[in-house]
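Trainee: I would like to go through this model and ask what stands behind each label.
Mentor: Go ahead; each label will be set against its cut-off.

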Amino acid sequence: MKIKVCGITTISQLEELNEMAIDYAGLIFYSRSPRYVLSKLRSKDVSSLKINTQKVGVFVNATESDIMTQIELYELDVVQLHGNETPSFCNHISDHVNVIKAFRINEENSHIDWMVKPYEDVCDFYLFDHGSKSMYGGTGVKFDWSLFKNAAIGKPFFLSGGIGPGDADAVKKFEHPFFYAVDINSQFETEPGLKNMESVKEFKRLII
């Protein structure tokens with residue numbers, strides 16, 4: 001199982017994730033997020049790092065030009081599209097970099113197979129998070145994982161949404177043939193953008 005720690009805002013914590021052999025680090029390029037990376041990290045400081053942890057740029061309804069600019073400036077390895085991006089848009093971005101398409105699960109939007117079908121051929125991974133029409137994730141709230149029981153997902157996916165240090169056993173017990181990675185963020189923070197790295201380390205120990 002892979003691990004993605006999202007909402008990283010300091011060079012030191014990015015380096016710590018690399019030392020811990022965390023697979024993915026999320027950098028949020030959404031200006032309404034308290035973890036907005038452009039106000040926290042200079043691109044030259046990030047791009048100069050020699051790390052194995054893959055840098056994931058998280059975007060919400062950004063333009064293709066903006067995404068491509070940040071890919072180059074921050075030397076992003078992966079792009080996560082967390083808004084209302086169309087399959088065609090995802091396809092254009094995937095010509096340049098691996099793409100994670102995120103889907104927001106809530107009471108009105110819970111049929112997973114219907115959501116992902118238009119994106120089957122235009123992205124590399126899916127990510128499932130809790131969200132609403134007005135919030136693009138980062139809610140710190142779980143959704144009903146039993147929705148995956150009958151979901152015929154045919155692509156590796158990240159499981160996200162309110163996962164905290166006490167959820168290690170639940171994550172280990174979660175089963176789906178294409179369950180690829182767990183995505184953690186706000187439940188591991190001391191304040192927005194700053195992680196409790198000991199909690200991250202312990203969580204990794206428990207689920208690997």
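Trainee: What makes the sulfur of C123 too far from the closest cysteine sulfur for a bond?
Mentor: The closest cysteine sulfur is in C90, at 6.2 Å. A disulfide is a pair of cysteine sulfur atoms within 2.5 Å, so 6.2 Å is too far for a bond. The structure holds 0 disulfides. Bear in mind that this is a predicted model, in which local features need pLDDT of at least 70 and side-chain atom pairs count only at pLDDT 80 or more, while totals for chains, interfaces and linings use all residues. Residues are numbered from 1 along each chain as its sequence is written, and side-chain values use heavy atoms, with hydrogens and water left out.

Trainee: Why is C123 called buried?
Mentor: Its relative accessible area is 6%. Buried means under 20% relative accessible area, exposed over 50%, and partly exposed in between, with a 1.4 Å probe and protein chains only. C123 therefore counts as buried. C90 is buried too, at 0% relative accessibility.

Trainee: How do you know that D183 is buried, and which side chains does D183 have polar contacts with?
Mentor: D183, which is found in strand β8, has 5% relative accessibility and so counts as buried. A polar contact is a pair of N or O atoms within 3.5 Å; within protein, one must be able to donate a hydrogen and the other to accept it, and residues adjacent in sequence count only if both atoms are side-chain atoms. The side chains of D183 and K4 are joined by such a contact of 2.5 Å, and those of D183 and S160 by one of 3.0 Å.

Trainee: What else is D183 in contact with?
Mentor: Contact means heavy atoms within 4.5 Å. Leaving aside neighbours within four places in sequence, the partners of D183 include C6, L127, L159 and I163.

Trainee: What makes α7 a helix with a buried side?
Mentor: Helices (H or I, at least four residues) and strands (E, at least two) are DSSP runs, numbered from the N terminus. Helix α7 spans residues 197–207, and M197, V200, F203 and I207 in it are buried. They cover an arc of only 120° around the axis, which puts them on the same side of α7. That arc is taken from the directions from the helix axis to the C-beta atoms. In general, an α-helix has 3.6 residues a turn, so residues three or four places apart point the same way.

Trainee: Which exposed residues does the face turned away from the buried side carry, and what covers the buried residues?
Mentor: The face turned away carries E198 and R205. The cover of the buried residues includes β1 (2–5), α1 (11–19), α6 (168–173), β8 (179–184) and β10 (194–195).

Trainee: Why does M197 count as buried, and what is M197 in contact with?
Mentor: M197 has 7% relative accessibility, so M197 counts as buried. Beyond neighbours within four places in sequence, M197 is in contact with Q13, E16, L17 and M20.
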